[in-house]
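Student: Could you take me through the rings and the pocket in this one? I'd like to hear what lies behind each label.

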Amino acid sequence: MRHRLTRILPYRPEQLFDLVGDVERYPRFVRWVTSLRTWNRREAADGVILLDAEAKVKFSIIHERFSTRVRLDRPALAIDVDLISGPFRRLENRWRFAPHATGAELSFEIDFEFRSRLLERILATNANRAVRRLVGCFEARAEELYG
């Protein structure tokens with residue numbers, strides 16, 4: 001399933017990049033992320049950081065854990081996340097931040113498929129709403145941090 005969402009927000013692209021790139025803080029403001037740990041942080045190129053992250057999530061009765069590789073590319077204002085392991089057959093998400101006349105354009109794209117057909121069916125009906133809620137968590141956090 002592929003979903004895309006674009007928002008125009010009254011912040012600088014760099015502020016939004018920093019907010020989304022601070023994955024260790026997700027449990028503070030993304031309510032279904034119950035814990036998150038990172039490891040293997042390294043500089044891949046000038047201004048490009050790679051790290052691995054494991055998130056524990058809880059949606060209603062569903063409790064899962066998954067690991068991803070995160071690529072933080074500050075010069076390009078881009079964050080890419082790819083699956084290492086977990087309940088997904090495929091998981092990729094892309095964050096892009098660009099200047100806009102009134103602040104920044106935030107673009108989020110996610111493409112995923114669960115290994116379990118049952119899990120896929122349960123979550124497929126709410127996927128669009130879940131993407132909007134996820135991006136909404138970051139919008140609310142930006143408002144809290146940057147006013």
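**Rings and a pocket**

Tutor: Start here: the charged end of arginine 37 sits over the ring of tryptophan 39, 4.3 Å from its centre. Keep in mind that this is a predicted model, where local features need pLDDT of at least 70, side-chain atom pairs count only at pLDDT 80 or more, and totals for chains, interfaces and linings use all residues. Residues are numbered from 1 along each chain as its sequence is written, and side-chain values use heavy atoms, with hydrogens and water left out.

Student: What makes the pair of phenylalanine 66 and phenylalanine 88 edge-to-face?

Tutor: Rings of Phe, Tyr and Trp (its six-membered ring) pair if their centres lie within 6.5 Å; planes under 30 degrees apart are stacked, over 60 edge-to-face, and the rest tilted. A search of the whole structure finds 12 aromatic pairs. In this one the centres are 5.5 Å apart and the planes of phenylalanine 66 and phenylalanine 88 stand at 85 degrees, so the pair is edge-to-face.

Student: Why are tryptophan 95 and phenylalanine 97 called stacked?

Tutor: Their centres are 6.4 Å apart and their planes are at 10 degrees, so that pair is stacked.

Student: How do you know whether phenylalanine 88 is buried or exposed?

Tutor: Buried means under 20% relative accessible area, exposed over 50%, partly exposed in between (1.4 Å probe, protein chains only). Phenylalanine 88 has 9%, so phenylalanine 88 is buried. Phenylalanine 66, at 16%, is buried too.

Student: Which residues of the largest pocket's lining are nonpolar, polar or charged, by count?

Tutor: The lining divides into 33 nonpolar, four polar and four charged. Ala, Val, Leu, Ile, Met, Phe, Trp, Tyr, Cys and Pro count as nonpolar, Asp, Glu, Lys and Arg as charged, and the others, Gly among them, as polar.

Terms used. Lys NZ or Arg CZ within 6 Å of the ring centre and 35° of its normal.
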